[in-house]
Amino acid sequence: SILNTMNSAQSCVSLEEDRDFVLGDVAHDPSLLQYCSDELKGDKEIVIAALKQDMSGEILRYASDELKNDKDVVMVAIKNNWTSFRYASLEIRDNFDVVLFAIKINSSALMYASSRLKEDESLEALANRVRKGQSLKYQSSSKLDDKDFVLSQVQIDGTELEFVSTRLRDNC
């Protein structure tokens, strides 16, 4: 951006009608989202542009409540920095798919899930497996040929099928 950070922060306030300008600025410096109007904090494209550059995990906190409750927006935030999950709406933190996605990125994300999902045995098992490196992705080829082991992992998380050995797949 042509402007320095202080002037850019002022630009979010004074040039709100120039959406493209703001979009470019938050993509360059995501912290500028905090200075934007509520209308711009509710603009999905602007918020996602900021989230994609967020290294702090703090930017989701400045998004509108509506976007904190948007599954796609929250998943972009989590993908870039899993700690941003703490700023998602309570409803999103009670969404099984979002919590599953977050845990796959970092098992500690379970701490931000709803009380109900923190008690879900399959999510807890997945979090424990991720902590221990138990995902099939990280197993030896001999483990990937072990039908009982693979079955136990796939029952917890069906997406693990992609890591099953070709030999075991062909024999089933």
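Tyr 112 is in contact (heavy atoms within 4.5 Å) with Trp 82, Thr 83, Phe 85, Arg 86, Arg 93 and Lys 118, once its neighbours within four places in sequence are left aside. The residue is found in the loop between α7 and α8 (115–118). Because its relative accessibility is 17%, Tyr 112 counts as buried, a term that means under 20% relative accessible area with a 1.4 Å probe, protein chains only. Its C-alpha atom is separated by 8.9 Å from that of Ala 88, 24 residues apart along the chain.

These values come from a predicted model, in which local features need pLDDT of at least 70 and side-chain atom pairs count only at pLDDT 80 or more, while totals for chains, interfaces and linings use all residues. Residues are numbered from 1 along each chain as its sequence is written, and side-chain values use heavy atoms, with hydrogens and water left out.

The protein chain holds twelve helices and zero strands; helices are DSSP runs (H or I) of at least four residues and strands (E) of at least two, numbered from the N terminus. Of its 172 residues, 44% count as buried. Among contacts with a separation of 6 or more, 41% join residues 24 or more positions apart. The chain exposes about 9600 Å², of which carbon and sulfur atoms supply 49%, the areas coming from the Shrake-Rupley method with a 1.4 Å probe.

Turning to helix packing, α7 (residues 96–105) and α9 (residues 121–131) pack at an angle of about 10 degrees, with axes 9 Å apart; axes are lines fitted to C-alpha atoms over the stretch in contact, and angles run from 0 to 180 degrees between N-to-C directions. That makes α7 roughly parallel to α9, the term for angles under 35 degrees. On the α7 side the contact is made by Phe 96, Val 99, Leu 100, Ile 103 and Lys 104, and on the α9 side by Ser 122, Leu 123, Leu 126, Ala 127 and Val 130. By class, this contact has eight nonpolar, one polar and one charged residues.

Helix α6 (residues 71–80) also packs with α7, at an angle of about 10 degrees and with the axes 10 Å apart. The two helices are therefore roughly parallel to each other. Here Lys 71, Val 74, Met 75, Ile 78 and Lys 79 of α6 meet Asp 97, Val 98, Phe 101, Ala 102 and Ile 105 of α7. The contact of α6 with α7 has seven nonpolar, no polar and three charged residues; Ala, Val, Leu, Ile, Met, Phe, Trp, Tyr, Cys and Pro count as nonpolar, Asp, Glu, Lys and Arg as charged, and the others as polar.

How values were computed:
Parallel < 35°, antiparallel > 145°, perpendicular 65-115°, else oblique. Buried < 20%, exposed > 50% of the residue type's maximum accessible area, 1.4 Å probe, protein only.
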